[in-house]
Amino acid sequence: MTTLTPQKPAIPQPGGDVTPAPESRPAPEPRPAQDPAWRELVDAVREAGQYPTRSEAESVTRVVLSALGGHVVGDERVDLARALPEEAARVVASQIPATRSLTAAEFVDSVAARIEGATPATARWDVSSVLSVLPSLVGDELVTRILDQLPPGYALLFGRAELTPAA
């Protein structure tokens, strides 16, 4: 069986040499910042965290959602991705599931390790700034399901009180 490969058109050069035409490149995809839902999410994070620039809020949003994406699994992960703006869904869904659950403090420390110059205190602020805007975006019921699969301590990061049953 013979496979035909299309030839690139040749461009004649002075002196009789021929060089192949430059490869055409597909048009770049629109930037995620153009997605109104993504912009609203980043703006909500910017307001919640009082970040001075949109760029800083966007960076923090990506880092925190990326970290969260590795720790939410199963139907909750699928439902979270469906409820988020397209760019945020890609960030969550592109993560490989973690091999072990992190405590809330370990989760914050893992975010601190991903942000240049972050301390546990600033990382906790960043995590809370992102996760606290999710309930209004994805719904309280989904957040409850997500919290049910995470170790104790995450509720505060989502802006909820963590109630423990009486002994």
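pLDDT is the predictor's confidence in each residue, from 0 to 100. For this protein the mean pLDDT is 85, and 77% of the residues reach 70 or more. Over residues 1-9, however, pLDDT is below 50, and this stretch has six contacts (heavy atoms within 4.5 Å) beyond near neighbours in sequence. Where pLDDT is low, the predicted coordinates should not be read in detail.

A word on how to read the rest: this is a predicted model, in which local features need pLDDT of at least 70 and side-chain atom pairs count only at 80 or more, while totals for chains, interfaces and linings use all residues. Residues are numbered from 1 along each chain as its sequence is written, and side-chain values use heavy atoms, leaving out hydrogens and water.

Now to the rings. The model has one aromatic pair (Phe, Tyr or Trp rings, the six-membered one for Trp, with centres within 6.5 Å). Its partners are phenylalanine 107 and tyrosine 154, 5.5 Å apart centre to centre with 55 degrees between the planes, which counts as tilted (under 30 degrees would be stacked, over 60 edge-to-face). Phenylalanine 107 lies in helix 5 (residues 104-114) and tyrosine 154 in the segment after helix 8 (140-149), so the pair ties together parts 47 residues apart in sequence.

Finally, have a look at aspartate 126, found in helix 6 (residues 120-131). Leaving aside neighbours within four places in sequence, aspartate 126 is in contact with Tyr51, Val60, Val64 and Ile115.

Conventions: Helix = DSSP H or I, 4+ residues; strand = E, 2+ residues; numbered from the N terminus.
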